[in-house]
Amino acid sequence: MIYISDTVKYIGVNDHEIDLFEGQYFVPNGISYNSYIITDEHCALMDTVDSTKTEEWLCNLKTELGERSLDYVVVLHMEPDHSGSLKRVLEEYPNAKMVGNEKTIKFAEQFFDIDLTDRVHLVSNGESLNLGSHTLTFVAAPMVHWPEVMVAYEHSEKILFAADAFGKFGALDIDEEWDDEARRYFINIVGKYGAQVQKLLKQAAELDIKTICPLHGPILKENLGYYINKYDIWSSYKAEDEGVFIAYASIYGNTKKAAELAYEKLIAKGIKAEIADLARDDMAEAISNAFRYDKLILACPTYNADMFPPMEILLMNLKEKSFQNRKVALIENGTWVAQSGKRMRNAIESMKDMTICETMLTVKSSMKPGDEEILDKMIEELLN
Ligand code: FEO
């Protein structure tokens with residue numbers, strides 16, 4: 001349990017056993033499934049947890065509720081990492097009503113063999129639920145991150161129950177800074193839906209918020225403007241930092257040498273830079289870093305007359321997440337016909353407001369005298 005106030009408690013759980021979050025994301029420091037209980041004249045549970053943690057979480061809930069009955073199970077988001085224990089809690093507390101919108105109910109019936117007859121308290125956008133001294137107002141937040149998502153504002157304690165928004169990877173018993181894992185979480189999971197996040201931020205700006213209770217990661221109580229500003233940057237597709245992210249894919253190490261030389265040259269110039277091997281490093285982090293910086297260098301060999309697949313995966317993901325408004329330089333490699341530069345260029349040109357440097361380094365199998373001069377020219381063009 002984490003104390004938020006005398007009447008609002010965190011009863012979520014940490015998951016360090018999970019192999020891949022959402023079936024694809026590495027979470028080396030685990031993940032937390034956040035759940036909260038508001039005790040008042042009527043008691044309301046704010047979301048449940050993943051089904052792998054039902055028993056541990058139910059124990060937390062029962063400890064906090066004691067002899068009290070549970071009146072409402074508020075479902076802000078039906079994705080199974082939060083609704084995985086929904087059926088069980090409705091069975092455990094037969095008088096509790098599930099609070100959700102029409103889509104929430106539809107999805108609940110799709111996920112579970114569940115009879116919700118007489119078990120639903122339907123709410124729509126802007127509607128409120130009075131618990132006694134606490135009042136929750138529900139605001140629809142479609143596609144942040146699923147269409148049924150709502151956030152809830154609790155008026156008496158000025159708490160925003162933010163669903164997936166403001167969440168991060170990493171369990172709560174791990175001490176780590178917020179930015180990197182919140183960025184990796186946001187860009188990869190909600191990045192496509194920038195416009196919807198912007199809309200939600202505008203609505204949130206009209207509220208007096210003292211505490212943000214997300215469904216993953218720490219409860220945010222101080223310096224809320226910092227986190228809101230990060231969300232504003234990420235969801236408006238602006239670069240967070242000036243600098244260069246170098247993403248390379250390399251078959252035999254020759255393209256890697258060109259990418260690493262570019263990295264060394266940037267560092268020597270005092271430019272902030274990061275480099276990633278797309279075949280070996282975490283792809284989700286590479287996607288996140290591409291969003292972080294205002295410039296990119298992409299280095300890729302030709303493979304089957306196309307890009308080497310790890311680069312294709314990066315660019316497919318960036319396009320899917322509406323990546324835009326960045327400057328890019330290209331390094332291609334080919335032994336008989338170099339095609340990867342053209343393919344990377346086509347992929348980037350399909351994105352919005354992208355600038356591609358005219359100077360491209362074409363490596364013929366391995367770096368040769370004279371290539372370095374072109375690399376210098378390319379970097380100069382990228383930085384100016
Ligand atoms: Fe944490 Fe979209 O679920």
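Predicted model: local features only at pLDDT ≥ 70, side-chain atom pairs only at ≥ 80, totals over all residues.

**A serine in a helix pair**

Let me begin with S235, which counts as buried because its relative accessibility is 2%, where buried means under 20% relative accessible area, exposed over 50% and partly exposed in between, with a 1.4 Å probe and protein chains only. Residues are numbered from 1 along each chain as its sequence is written, and side-chain values use heavy atoms, with hydrogens and water left out.

S235 lies in helix α7, helices being DSSP runs of H or I with at least four residues and strands runs of E with at least two, both numbered from the N terminus. Its side chain reaches the backbone oxygen of Y231 at 2.6 Å. Leaving aside neighbours within four places in sequence, S235 is in contact with F186, G194, A195, V197, Q198 and L201, contact meaning heavy atoms within 4.5 Å.

That brings us to the helix pair itself. The axes of α6 (residues 194–205) and α7 (residues 224–235) come within 9 Å and cross at roughly 150 degrees; these axes are lines fitted to C-alpha atoms over the stretch in contact, with angles running from 0 to 180 degrees between N-to-C directions. On the α6 side, G194, A195, V197, Q198 and L201 meet I228, Y231, D232 and S235 of α7. By class, this contact has 5 nonpolar, 3 polar and 1 charged residues, with Ala, Val, Leu, Ile, Met, Phe, Trp, Tyr, Cys and Pro taken as nonpolar, Asp, Glu, Lys and Arg as charged, and the others, Gly among them, as polar.

Turning to the strands, how many residues of β14 (residues 150–154) are buried? The answer is 5 of 5, and M150, A152 and E154 point one way from the strand, whereas V151 and Y153 point the other way. On one pairing, β13 (residues 135–140) runs antiparallel to β14 and is joined to it by 5 bridges, with M150 as the bridge partner of A140; strands pair if DSSP finds at least two bridges between them. β14 also pairs with β15 (residues 159–161), again in the antiparallel sense, over 3 bridges, and here I159 is the bridge partner of E154. The hairpin of β14 and β15 has 4 residues between the strands, and K158 there takes a positive phi near 55 degrees.

Methods. Polar contact = N/O pair within 3.5 Å; in protein donor to acceptor, adjacent residues only side chain to side chain.
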